[in-house]
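Here is a friendly note to go with a first look at this structure. The points below can be read with the model open beside them.

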Amino acid sequence: MAEHVIDIGGRRYRFDTLGALMAAASPRRSGDELAGVAATSAEERVIAQMALAELPLTAFLEEPLIPYEEDEITRLILDRHDRDAFAPIAALSVGEFRNWLLSERADSRSLKALAPGLTPEMVAAVSKLMRVQDLVLVGRKCEVVTRFRNTIGLPGRLSTRLQPNHPTDDASGIAASILDGLLYASGDAVIGINPATDNTSTVVTLLKMLDEIISRYEIPTQSCVLTHVTTAIEAIERGAPTDLVFQSIAGTEAANRGFGIDLALLREGREAALSLNRGPLGNNVMYFETGQGSALSADAHHGLDQQTLEARAYAVAREFEPLLVNTVVGFIGPEYLFDGKQIIRAGLEDHFCGKLLGVPMGCDVCYTNHAEADQDDMDMLLTLLGAAGCSYIMGIPGSDDIMLNYQTTSFHDALYLRQVLGLRPAPEFEAWLETSGIYRHDRGIAFDRDLPSRFQHVLGAMGLGTVDTGTAR
Amino acid sequence: MNDEDLHDGDAGITVINPWQRLRELTDARIGLGRVGGSLPTAAQLAFQLDHARARDAVHLALDTERLMPDLDARFPLALRLQSRAVDRDEYLRRPDLGRRLSEQAEQELAAITPEPCDVSICVVDGLSARAIHEQAIAFLDAALPEIERLGLSLGPVALVEQGRVAIGDPIGEALKARMSVVLIGERPGLSSPDSLGLYFTWAPQSGRRDSERNCISNIRPRGLRYANAARLLGYLMREAQALGTSGVALKDDSEVDSRLGDGRQGNFLLPPA
């Protein structure tokens with residue numbers, strides 16, 4: 001592979017490969033330090049960024065970071081690359097591409113046309129030259145719209161995944177969190193459960209339960225049980241009412257093998273979901289999750305930096321026309337993203353790279369208890385993602401996932417973001433919230449002590465009745 | 001946290017959610033109420049306190065002095081081993097070191113020359129020593145009879161400090177075990193700083209991938225009960241022997257608790273139509 005050389009201030013700097021140059025140019029990250037690929041000084045990092053800025057975008061087509069013969073993701077990226085779509089920027093360097101993206105030439109229409117001409121490596125490279133405000137600004141210009149039972153990703157909209165996890169998959173416990181979420185106006189991206197086990201019978205039962213709730217309350221949203229794609233296929237074969245097929249994915253063939261998947265298996269999963277033909281508005285039937293550091297954690301990173309590898313996962317995602325893709329940015333832990341500062345930047349990079357590649361990008365704004373991060377850090381990332389036009393975030397009671405043991409955004413957080421930035425839920429879901437008496441745009445939650453009529457019976461069914469809250473209201 | 005704690009004395013600014021009583025169904029923070037669309041003060045501070053406690057749990061040290069006699073009493077031999085991570089700070093930054101044995105531990109294992117066995121069990125601090133302190137022995141007392149019923153032989157047990165899941169691979173390999181069970185402290189959640197995880201691996205050896213393991217998560221009194229987790233482990237052991245493998249190829253098709261019903265009824269959101 002070609003050596004990359006740059007002369008600055010009378011000194012010559014060498015980077016052995018394009019991958020090494022990309023890694024050295026990547027903003028500081030504990031995962032790259034763990035992998036031994038990070039710049040060894042602050043100066044070296046900026047020198048690498050300068051060298052990267054000079055590099056023609058076509059270099060990424062000529063010098064694959066992982067050899068074509070070794071990796072099916074590389075083959076996917078290069079085989080699918082659209083030279084015609086690439087034409088408007090084919091003559092640019094990475095630095096010039098940054099300028100192009102920030103200029104008036106880049107708008108939602110030109111960016112949409114460009115997406116098939118971009119490779120993950122080009123997108124990752126330009127992100128390394130960008131500040132947070134650049135990532136926000138360009139991310140906001142991109143428009144990626146997907147449909148199943150509603151419409152996700154329209155401008156001025158912010159959707160939420162209602163995540164009603166329970167540590168033993170207890171039906172009533174899950175239902176309690178679903179009710180809480182719906183009454184806080186959450187759930188238009190998906191009502192999605194992470195089951196505590198991969199047990200197929202449990203998965204089938206949960207899918208039936210979600211299907212029944214969605215149809216009985218006539219909620220314009222979709223459901224998902226986030227289990228391995230092979231389990232989802234088996235559940236479909238057993239007749240489970242499946243809207244979306246889920247899978248965690250990564251940016252190298254070897255890392256995906258660590259997840260027990262390959263492209264052929266994902267194709268099979270998608271075909272199984274499509275065969276049910278359940279989406280009245282559209283056929284986006286896949287839901288993917290990603291996160292920087294997953295390839296290294298599977299010892300499958302090929303000496304590359306984690307942000308570049310993450311962008312390659314979006315090439316996997318877009319192949320299958322998903323409804324939803326989100327980075328689970330702070331879930332992996334401090335060995336990959338050490339603190340709030342690293343998590344915030346990574347979340348914005350991931351959103352930027354995904355959207356630029358044409359992926360319907362959301363973000364699980366999150367952290368674990370062994371990371372140097374707290375609610376203040378999440379508020380910063382949340383607010384910035386709202387400004388960047390992020391398609392959806394998670395919604396969970398009080399930010400506390402009692403099954404996965406991490407903190408993500410709450411139902412209240414989404415209300416905050418909608419209030420501050422004037423964002424609305426998906427249109428079909430917004431109409432349901434209004435007619436149900438739950439929520440109105442510009443007003444917020446539309447009821448106080450008395451439950452909306454659609455839900456009044458549920459507390460009675462529990463034998464609880466309505467609680468006298470007269471002292472508080 | 002009880003309802004009382006969540007009543008802010010603010011003359012009607014806080015909206016209370018009547019469904020907060022559904023909290024008897026889940027530990028999730030439902031029905032927190034709201035001020036405008038935001039979190040009321042009491043709920044906000046309750047969260048901060050739980051986060052502070054979970055942060056402290058990550059840094060609690062494993063009490064090996066207390067655990068070794070309990071393990072000695074239950075296994076033919078109990079070993080006390082360490083990973084290559086020397087302290088918690090290095091452990092958090094360098095998961096690779098937590099997956100490898102210290103040189104001293106390697107020498108100790110090499111000196112044993114064990115008989116081949118069916119099952120090697122490792123008890124590992126992971127991210128919550130508290131989970132090991134509170135759940136490990138009680139779970140073993142439920143699981144060991146299950147293993148005996150299956151007619152499987154136990155190798156030495158290893159108590160490991162600063163360890164990650166994959167450290168069970170070189171240990172199981174050195175102990176010539178057909179399968180490995182790693183009990184490890186899961187990362188502490190706000191409501192569960194004491195949750196035990198179990199990772200089951202057929203034919204343990206260094207370099208096994210995560211997709212080659214099966215996981216049983218959230219073992220603790222308020223999560224998955226010891227007896228249920230032990231039964232599930234027994235199922236995995238039987239299936240792994242039949243298939244000669246573990247991980248994604250070994251689907252969990254065991255019968256589930258019928259409390260889940262058929263999904264279309266059986267909870268308050270779906271009363272009989």
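1. Let us start with Glu186(B), which sits in the loop between β4 and β5 of chain B. Strands and helices here are DSSP runs, numbered from the N terminus: E of at least two residues for strands, H or I of at least four for helices. Please keep in mind that this is a predicted model, in which local features need pLDDT of at least 70 and side-chain atom pairs count only at pLDDT 80 or more, while totals for chains, interfaces and linings use all residues. Residues are numbered from 1 along each chain as its sequence is written, with chains lettered from A and ligands numbered from 1 in the order in which they are written.

2. Six strands make an open, mixed sheet, ordered β1-β3-β2-β4-β5-β6; two strands pair if DSSP finds at least two bridges between them. At the edges are β1 (78–82) and β6 (213–219) of chain B, each pairing on one side only. From one strand to the next, the twist averages 20°. Angles are taken between N-to-C directions and run from 0 to 180 degrees, and axes are lines fitted to C-alpha atoms, for helices over the stretch in contact.

3. Within that sheet, β2 (residues 117–124) and β3 (residues 154–161) of chain B run parallel and are joined by five bridges. Cys122(B) has Ala158(B) in β3(B) as its bridge partner. Helix α3 (residues 64–72) of chain B packs on the sheet, touching β1, β2 and β3 of chain B, and its direction makes about 175° with that of β3(B). Contact here means that the C-beta atoms of two residues, placed from the backbone, lie within 7 Å. Helix α9 (residues 226–243) of chain B lies across β4, β5 and β6 of chain B, at about 175° to β6(B).

4. How do the two chains meet? In total, 71 residues of chain A are in contact with 67 residues of chain B. On the side of chain A that touches chain B, α12(A) gives the most, with 11 residues. That side divides into 29 nonpolar, 29 polar and 13 charged residues. Ala, Val, Leu, Ile, Met, Phe, Trp, Tyr, Cys and Pro count as nonpolar, Asp, Glu, Lys and Arg as charged, and the others, Gly among them, as polar.

5. Finally, a helix pair in chain A. The axes of α19 (residues 375–387) and α20 (residues 411–421) of chain A come within 10 Å and cross at roughly 45°. That makes α19(A) oblique to α20(A); angles under 35 degrees count as roughly parallel, over 145 as roughly antiparallel, 65 to 115 as roughly perpendicular and the rest as oblique. Leu382(A), Thr383(A), Gly386(A) and Ala387(A) of α19(A) meet Asp413(A), Leu417(A) and Leu421(A) of α20(A). By class, the residues of this contact are four nonpolar, two polar and one charged.
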